[in-house]
Amino acid sequence: MGKPTGFLEYERVDNTVIPPEERIRNFNEFRRPVDIGERRQQAARCMNCGVPFCQSAMKLSGMVTGCPLHNLIPEWNDQIYRGHLQHAFSRLYRTSDFPEFTGRVCPALCEKACMNGEFGDPVTIHENELFLIETAFEKGYIKPQIPEVRSGKKVAVVGSGPSGLAVADVLNHRGHSVTVYEREDRIGGLLMYGIPNMKLDKRVVARRKKLMEEEGVEFRTGVNVGTDISADELKAQYDAVVLCCGAKQPRKLDAADPETDKGVVYAVDFLTETTKAVLQTKNRTVQELMDAHKKDRQFLSAAGKHVVVVGGGDTGNDCIGTCVREGCASITALEMMPEPPVERAASNPWPEWPKVKKTDYGHEEAIAVFGKDPRVYETTVKKLIRDKRGALKKIETVQVKFENRKMVEVEGTEKTIPCDLLIIAAGFTGCQSYVPEAFGTPLTGRHTMATAEDSYFTGVDGIFTAGDMHRGQSLVVWAVAEGRACAAEVDQTLMGYTNLHRQ
C-alpha cells in the first residue's frame with residue numbers, strides 16, 4: 001500500500017469527457033486521460049484491502065462481482081502510485097491479455113466491488129488499467145514475445161472475437177502454432193463490428209493484430225468455417241480446434257422480423273454497416289460520412305429518420321449514440337423491464353453488482369440533442385404501421401408487466417409513435433447452428449456449446465470451445481477469461497501436462 005491515507009486525502013477524479021454536442025460530430029473516442037500526477041493520486045486511493053473483492057470474481061445473489069481475470073489490482077495500483085510504471089504494467093499483463101480492450105469497454109466489475117465504493121467513490125481501476133496499457137505501447141514496454149521453442153502442435157481457432165484472440169495469444173506464447181479463422185473481412189468479432197468506433201477505435205484492434213502476427217499467430221479472414229472450409233478439413237490439418245464463434249443468434253420480436261419486414265434491422269447488422277462505412281472513409285467527420293452516403297447509399301443510415309431501438313443493454317445504447325451521430329429525426333428506446341432505482345436498494349448491498357439506473361454516453365447524447373431521456377420502460381412493440389407503399393412509418397407500442405415470470409400486455413395502454421427505422425437490440429439466444437452441426441458438437445437448451453462443468457472440451461475428440469458460444473451472451477472480460485482457461489485445457493490435452501494458469 002503506497003500511501004496508507006490516500007483514500008482519505010484524494011477524491012475520485014475521472015478522465016475528462018468531450019461534451020456531447022461536440023463529440024457527436026465524429027466517430028472518434030471521446031474520453032481524455034488525466035495527467036500523470038493525477039493518475040498517481042488516483043492509484044494512491046487503493047486501500048490494498050486484506051480481502052480485495054475487486055479481483056475476486058465472487059458470485060453473490062446470482063451475479064458476479066469483481067474481475068473475472070483476477071487482475072492483481074492492488075499490486076499495480078501501488079506501483080502506479082510509486083511511479084514504477086513498467087513494473088505496474090508487468091503485473092497487469094500477468095493476468096490480462098488485452099487491457100486495451102477491457103480498459104475501454106468493460107463495465108468495471110472490479111470498481112463495483114471496490115471497498116472505497118461501500119461508503120464513497122471507488123478507485124478509478126478501469127482508467128488506471130487503460131493508462132497502463134497505453135503507456136506500455138507508447139514507451140515500448142510491449143515488444144513481440146516470440147516463443148524460442150515450438151511444440152510441433154497445430155491449433156485452429158474459429159472466430160477472432162475476444163475469446164478466440166485470448167486462446168490464440170496464450171497457446172502461441174506456449175509454443176503451439178496457431179491459425180485463427182474469421183468469416184468477416186477483419187478480425188475482432190464484436191470488438192470490430194459489434195462495438196462502435198467512438199467506444200473502441202478500430203486502430204486499437206489492428207495494433208493488437210499486428211503484434212500477434214509478429215509473434216507468430218496466423219490470421220485468415222474472409223473464411224467461413226463450415227462453408228468455405230469443412231470441419232473435416234480442419235480436424236485433419238490441426239491437432240486441436242477451438243470454436244469461439246460467439247452468441248450471434250439474435251433474439252426476435254413477435255411483432256417484427258428483420259428478415260421479412262422492411263425498415264426493421266438487428267442491432268449488430270446496423271452497427272456493422274456503420275463501422276464498415278467509418279473504416280472506408282477513414283474516420284472522417286460525421287458530415288463527410290453522411291455526404292458520401294448520400295452519393296452511393298453504401299450503408300443503412302438513420303439520417304432524418306424517426307428511430308426506435310428495442311433493448312436497454314449496452315448494444316441498445318451504442319445504437320442510440322450511432323443514430324444521434326447520423327442525424328436521426330428522433331430516437332426512442334423501448335425497455336421491457338421496469339426502470340431501475342437511481343441508488344442501491346437495501347436488498348442489493350455492496351459488494352453485489354449494483355442494480356441501478358445507468359445513463360450511458362448514448363443516452364447523454366440523445367438528451368443533449370433532443371432534450372429528454374430516450375428510454376421508455378415496461379414497453380414493447382405490438383404492431384408495425386406502414387404507408388400505402390409498404391414503408392414503415394409508425395409503430396404501436398404497449399405497456400407490459402411480468403406475471404409468474406411471463407411478460408403480459410397491459411390492456412388499454414396502446415400508443416402510436418413515429419418510426420421509420422426499428423432496431424432490435426434485444427440480446428441473443430445463443431450461437432448460430434451451422435458450425436456446431438458441422439463439427440457434430442452437442443448444444444445445451446440455451447443453444448450454447450455443451451461441456452462438462454468447468455471444462456471447455458465438447459466431447460468430440462480434439463474440439464474445444466470458449467467465450468459467448470460456450471457461456472452465452474456476456475462481457476468481453478468474461479470472453480478473455482474463458483479463452484485463457486480454455487487454452488490451458490487445450491495445452492493439457494496436447495502435451496499431457498500444462499504450466500498455464502487456469503483462472
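This is a predicted model: local features need pLDDT of at least 70, side-chain atom pairs count only at pLDDT 80 or more; totals for chains, interfaces and linings use all residues.
Lys357 belongs to the loop between β11 (330-335) and α16, while Asp373 belongs to the loop between α16 (361-370) and β12 (375-377), so the pair ties together parts that are 16 residues apart in sequence. Asp373 is likewise partly exposed, with a relative accessible area of 26%.

Salt bridges can also share partners, and in this way Arg23, Arg325, Glu364 and Glu365 are joined into one network.

The structure holds 34 salt bridges, and one of them is formed by Arg174 and Asp491, whose closest N and O atoms are 2.8 Å apart. Because Arg174 lies in helix α9 (residues 162-174) and Asp491 in helix α19 (residues 476-495), this pair ties together parts that are 317 residues apart in sequence.

## A pair within one helix

Asp232 and Lys235 form a salt bridge in which the closest N and O atoms are 3.9 Å apart. Both residues lie in helix α12 (residues 231-237), where, being three residues apart, they are separated by about one helical turn. An α-helix has 3.6 residues a turn, so residues three or four places apart point the same way.

As for accessibility, Asp232 is exposed, with a relative accessible area of 56%, whereas Lys235 is partly exposed, with a relative accessible area of 32%.

## The buried side of helix α5

Which residues of helix α5 (residues 85-93) are buried? They are Leu85, Ala88, Phe89 and Leu92. Around the helix axis these residues cover an arc of only 100°, which means that they are on the same side of α5.

The buried residues of α5 pack against other helices, namely α3 (36-44), α4 (73-82), α6 (99-105) and α8 (125-139).

Technical notes: Residues are numbered from 1 along each chain as its sequence is written. Side-chain values use heavy atoms; hydrogens and water are left out. A salt bridge is a side-chain nitrogen of Lys or Arg within 4 Å of a carboxyl oxygen of Asp or Glu. Helices (H or I, at least four residues) and strands (E, at least two) are DSSP runs, numbered from the N terminus. Buried means under 20% relative accessible area, exposed over 50%, partly exposed in between (1.4 Å probe, protein chains only). The arc is that of the directions from the helix axis to the C-beta atoms. Contact means heavy atoms within 4.5 Å.
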